[in-house]
Amino acid sequence: MTRVQRGGPADSPGVAAALAARSAIEDVLLSLAEIPADLDRATLRDQLLRAIQCAYTVIDSPVIALAHLDGLTEAAAIADESRGRLQAVDAPIAADALRVAMARLEGAAAELRRAAAAVTRIQLARRDELVHGDLRRAPPPARPFRASVGVPELHAFARAPLVPHVVVDPAEPPPRPALPQPTLQPPGSLEELAAFAEAGASGELTKRLMSPDPPRPGAAPDEPAPPVYQPAVDEVALLRRLARGFLEDVANHRTLRTPNSLETWLDQGPFEQHLLDAIDAFAALGGSVLPSVSLYHAEAKSPDPERAFAVALTLGCIEGGDTVAAAVMTLKQSPPEELPGWMEGFSLAPSPAVDVAMADLCASRRPELTALALDVLHARGSTPDEVATALLEREEPEIAVRVARALASTLPRQDAIEHLERVCGSTEDDHVFLAAVESLLRRGHAPAVDLLRRTIDASASAERSRRALPLLCLVGRASDLDRLLAAASAAPTAHLLRSLGRFGHVKSVGPLSSFLKHEDAEIVAAAAEALDRITGAGLRETVEEPWAIELPPEAAEAGGIPVPTRKVERVVADPERWSAWLRDKGPRLDAGLKVRGGAAFTPLQILDELESRATPPAAREETTLELALVTGLRSRFSPHDWVARQRQHLSELRARVAAHRVTPGAWSHCLEREPERPASPLPPRRIGSASDPVPPFPDQTPTSTAPVDLGKTMAPPLLQAPPALPFHTTDPKESGAAGGVKPSSSASFGRTVSIPVIPAAPVLPFRPAQSSPEQDISNTAPASRHPLDASTSLTMTRSAPIMPTGPVTPFRPPADSSGPTPLFSPPPAGPVHSFGAPSASASAPPSRQLNPPGTETILSLAQYASLCAELAVFPWATEVIFQRYGLHSQQARTAVDSAWKERFGRDTVAYSAWQDMYRRYHDYWTKRGTPAK
């Protein structure tokens, strides 16, 4: 695995050796507590810590620094000396553990010596570049103190390098050798007999025989009794006592910053500021209090995630790699129950050294530590590609699920998708499968939706199917309604019903209301919440519910203590009230659109939910997932981040989401285009305004997410300049109208605008045929050429287009081009006439020619309107759409576009007809959701 670089060049052979040696020495250091032998643990601990410091010196220094070579040689010497100390230990019961530790130290020393030889050759060759270095690895220079406001500051002050506290005391006392049993020699003379009797009478004999450990010659006398007064405390001890109090405040605020059922996410701001104040106060005490951090963790009598959180966050707010390394060393000595506290603390810490340390920790042989490191990197949004690549083949479930999750943002898109597809096809673990599918969806990989559908339809894995349903609700189409309702009817869950509310289909309102009579209160509440999310009915009621509190065991057993209640606002779950509302206002909801809060769904509604104080904190994580899947935007936003940073990220997200031109009411957005490609806006309802729809083909390579004027998106290769009429007025003074059309003396353009252009037919974009379905619009134009002539009937103009009952495709030119052109034919093998060449129909009266000369052999007006609408709705499939319409070359596309623009500039009847068709086709393609095959 290529290491994330700290300060020195990554091509130095000493860096890799130092990393490997540091890992081996740390393993030996942490294993001392498990070796049941009588050895000098304190001396060994200090030596091994010194070797680790030397390794960090090598890692953080350039290859031409003297400290780079000195660090390698000194660390190798310490490893050899420590191995000798272990070799001298005589403990048969610990022979295996000692052998493993000595082998690791021997391997580390050999690797360091080989690297030192290589570095020596490099320094010899570059001896004119040598620089001095310091083996003490001095911390970064001090900076002026800055208080934390909303988010933690990274403090730097004068201090010595931090050496972590490592517990090396044996986990179990080593066995002591059996003491020889005292033997009583019988007296051999009268003098010995008299002395024996005197010793027995005085009790000396009993004391000698019963003493388990007789004093050895030269042993130290007993320690004196403690004084009866409290001696004065020096300054360092006083500062560390104060520091411990601040650390306790940090630990306690981990729980306080987590919202309870009565609080909102915004209510956590004051608690977070108190936490930051405690960290600032700790940092203000200076470097002498830093060693107390790991000591504070070590003195815990039982696993304490809050203490782990305090160590990770506090040391992560002190600049320098040594502080984070000390926190990681303390982490490695922690029980598994503390891992959530470590993860949260490292995720919120501002030090960039955390990213480097977590990348290194991903190479750990302990799966739980690798999983923790991946969690931290994911929360910080800083998982390196090389880390993900190195872990692709790991099969441990806890690692595989996190690697699949990381591939949503790491590695090139195609490489990540190929690996995720292999995971989906091979894994039997439901967590890994769903994490891989979610990452595919975040990558905008549309086939992942079909994979979800197949998973739900398959009966082989009921658990996997159940867990896939809420995900399909976020990315599915309207056609998935029956599948989702069938699953909800067969096995309803609260999560699925709430997800149906996010799905937003009006036809799910009836089935959801039926769940209001369910016997499970949780399902009833979820159904009511889903109904409210879809309809926006606002049916609320204030209820009193029990407030569950934890009582001491003696109080709980005593009984007779009334359970307190609290007043909360809930969505009405009364079936009668919902039935009355649905009868009264339900018909107003459009069943053809995705609905959120009674209105057509847009991604900005998700932002409103994330920003709302009323959104329960538990629901914001699913809302964040929905925003990512619907918009395809990548953001550092997390509902678990600092409140101040959440506000900043939400403000940035609102600007980015607002820049996306999406069709209100569409079921899916991200999977319909590349995430960076903004969608074209829906054309306005009025004709002749400055924001009239733009018929030409949209730009194929936009990259900005800022709002765009579609008239300007006709950049190369299609248009080399802003388009002329009817898209933009070349000269407003000459045109005399905003729409670029000169009104005639017999009619006003305002009169044209006032006439509705949207038909009242219930099914769009098609109007019931009033003539032969083969009739082209070119044969149904009004007799008068001028659109605003008094004899012109706009009603006739609007009813003339014969809308197809299927997707419009290019047609094959007929043998006699003067006849009516069919709307539906296979795609042309190639145009019969060249663009711009007059056709046989050119002799027809001008008033009958809605298709410009030469273009009807390629696209009719209806086909051109359908093409423009399809390109606007599906900008990601531009090339496929062009090919299907027979526009294979850039020359053909430019010619069609220019010809129709020129025609629209002269004939506003054709332009009005195009606007009417464009609107209806835009609605049709939006509801269809996918381009025609």
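This is a predicted model: local features need pLDDT of at least 70, side-chain atom pairs count only at pLDDT 80 or more; totals for chains, interfaces and linings use all residues.
Local features need pLDDT of at least 70 and side-chain atom pairs count only at pLDDT 80 or more, while totals for chains, interfaces and linings use all residues. Residues are numbered from 1 along each chain as its sequence is written, and side-chain values use heavy atoms, with hydrogens and water left out.

The protein comes to 36 helices and four strands (DSSP runs numbered from the N terminus: H or I of at least four residues for helices, E of at least two for strands). Of its 933 residues, 49% are buried, meaning under 20% relative accessible area with a 1.4 Å probe, protein chains only. As for contacts (heavy atoms within 4.5 Å), 71% of those between residues at least 6 apart in sequence join residues at least 24 apart.

Helix H19 spans residues 447-457, and its buried residues are Ala448, Val449, Leu451, Leu452, Arg453, Thr455 and Ile456. Their cover includes helices H17 (413-426), H18 (430-442), H20 (462-475) and H21 (481-490).

Further along sit H27 (residues 604-611) and H29 (residues 643-658), packed at about 170° with axes 10 Å apart; axes are lines fitted to C-alpha atoms over the stretch in contact, and angles run from 0 to 180 degrees between N-to-C directions. The two helices, H27 and H29, are therefore roughly antiparallel, a label for angles over 145 degrees. Leu604, Leu607, Asp608, Leu610 and Glu611 of H27 meet Leu650, Leu653, Arg654, Val657 and Ala658 of H29. By class, this contact has seven nonpolar, no polar and three charged residues (Asp, Glu, Lys and Arg count as charged; Ala, Val, Leu, Ile, Met, Phe, Trp, Tyr, Cys and Pro as nonpolar; the others, Gly among them, as polar).

Key:
Angles under 35 degrees count as roughly parallel, over 145 as roughly antiparallel, 65 to 115 as roughly perpendicular and the rest as oblique. Buried means under 20% relative accessible area, exposed over 50%, partly exposed in between (1.4 Å probe, protein chains only).
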